[in-house]
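This report describes the fold, the surface and selected positions of a single protein chain. The sequence and model are shown first.

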Amino acid sequence: MFNAQQQFAELGQANLEKSLRLTNIALAGVERLFQLQMGIARDLMTENAETAKALSGVKNIQDLVELQKGLAQPNVEKTIAVARTVYEAASSTQAELNKLVEEQVLEFNKNLVSSLDKAVAQAPASSAAVNVLKNAVESANNAYDAINKTGQRIAGNIAEAAVAAVETGAKTVARTAK
């Protein structure tokens, strides 16, 4: 009976640690995005002040057109940089969450195999059924790994294509503005 209580306490402690780790990963991701937003807000305030100063110095239409051209390209480049930074922050958080889930799946499978081994030790006649179950767990594990790797590769390709499309679109807009 004591063993069961101790196992229950250990399980509760392990789950608490996993919950704390999940919370820390999520908070770190939110913090990165918040820091990014604060940096963007700070930069925008500075740029708006500089633009207002430049506009106050405009004397004619030609000066205004030149100022507009000068402002277009840096804004496109900054937008692309911000999009990349947001993608990197989100991707990093997602990778950490994926790692946590993967660890949980591996731990579950390890515990399941350990339980099956104990069952075989207590009832050797059931070893054939346990071996079939072990093979099923191993096959499921291999399928999970293959799907996980494929999903990560597809998500990476989609994200890279989206960033490339944004860059191409932004460059096209910048060329048209000139």
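## Contacts and basis of the model

A contact is defined as heavy atoms within 4.5 Å. Among contacts in the protein chain between residues at least 6 apart in sequence, 78% link residues at least 24 apart.

The model is predicted: local features need pLDDT of at least 70, side-chain atom pairs count only at pLDDT 80 or more, and totals for chains, interfaces and linings use all residues. Residues are numbered from 1 along each chain as its sequence is written, and side-chain values use heavy atoms, with hydrogens and water left out.

## Secondary structure

The protein chain contains three helices and zero strands, in the order α-α-α from the N terminus. Helices (H or I, at least four residues) and strands (E, at least two) are DSSP runs, numbered from the N terminus.

## Surface and burial

Of the 178 residues in the protein chain, 12% are buried. Buried means under 20% relative accessible area, exposed over 50%, and partly exposed in between (1.4 Å probe, protein chains only).

The accessible surface of the protein chain is about 13000 Å², with 63% belonging to carbon and sulfur atoms. Accessible areas come from the Shrake-Rupley method with a 1.4 Å probe; for residues, only the protein chains shown count as cover.

## Selected positions

Valine 86 lies in helix α2 (residues 61–122) and is partly exposed, at a relative accessible area of 35%.

Glycine 169 belongs to helix α3 (residues 127–177) and is partly exposed, at 32% relative accessible area. Glycine 169 and valine 76 are separated by 93 residues in sequence and by 9.6 Å in space, C-alpha to C-alpha.
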